[in-house]
Amino acid sequence: MPFRHSIRLTCLAMGLILLAGCASRTPMQDAQRDIGQWEAQQERLAELQSWKLQGKAGLRTPQDSTSANLDWLQTPYYFRILLSGPFGSGRSVLEGREGRVSLTTGEGRTEAESPKALMQQELGWSLPVSALTDWIRGLPAADRPHHMEKDELGFPARLEQDGWQIVYRDWTHTGELWLPRRMKLTYDDLDVTLVVTRWQPEPDEDA
């Protein structure tokens, strides 16, 4: 795969994955959702700013279809996302602090001032990155129009915002919170599937 195409596909995947993530115990598949649980956790969910995630991300466009394993650490001051698999040259790392973001693959390294700027630099366009950390928690991005549909238990089922459609397909209970386990994001002919296999809300700073 040519370098430019490789790094663009990796950058696209990384930006899409910035929609989200968290990780510790294996998801409690025997836990049952109930009416009122989603509303009861709203304050704790809004306060969730740090997490660790392990899972798998799939990306489909008219030109490409690929997937990768995902390991993501997020804190209020730093993030690190590791992708392993077909994206890039087998292993890619996106990390950053305020004012500086870098993307490293087996074929090189590129830097920018923000994830949005990095995507603009490599792709010529960018995603609503600031909204992604809300969507991954099942929340709409604040202060922007949106349409939310909920299921019979009051959990988010479908969210439309910024031209994106987010469908929440499955949930897991971990860290005393119900969090999305499987979700699909669609924008025009771009489809992204994110499956979380391990969540850890608010990991230790030295995780």
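## Overall architecture

Among the contacts (heavy atoms within 4.5 Å) of the protein with a separation of 6 or more, 52% are accounted for by residues 24 or more positions apart. This is a predicted model, in which local features need pLDDT of at least 70 and side-chain atom pairs count only at pLDDT 80 or more, whereas totals for chains, interfaces and linings use all residues. Residues are numbered from 1 along each chain as its sequence is written, and side-chain values use heavy atoms, with hydrogens and water left out.

The protein has five helices and 11 strands, taken as DSSP runs (H or I, at least four residues, for helices; E, at least two, for strands) and numbered from the N terminus. Of its 207 residues, 47% are buried, that is, under 20% relative accessible area, with exposed meaning over 50% and partly exposed in between (1.4 Å probe, protein chains only). The accessible surface, from the Shrake-Rupley method with a 1.4 Å probe, comes to about 10,100 Å², and carbon and sulfur atoms hold 45% of that area.

## The E2–E3 hairpin

Strands E2 (residues 65–74) and E3 (residues 79–85) run antiparallel and are joined by six bridges, where pairing requires that DSSP finds at least two bridges between two strands. The two strands form a hairpin with four residues between them, and Asn69 has Ser84 in E3 as its bridge partner.

## The loop at Ser114

Ser114 lies in the loop between strand E6 (108–112) and helix H4 (115–123), and this residue is partly exposed, because its relative accessible area is 25%. Although Ser114 and Val101 are 13 residues apart along the chain, a distance of 5.4 Å separates their C-alpha atoms.
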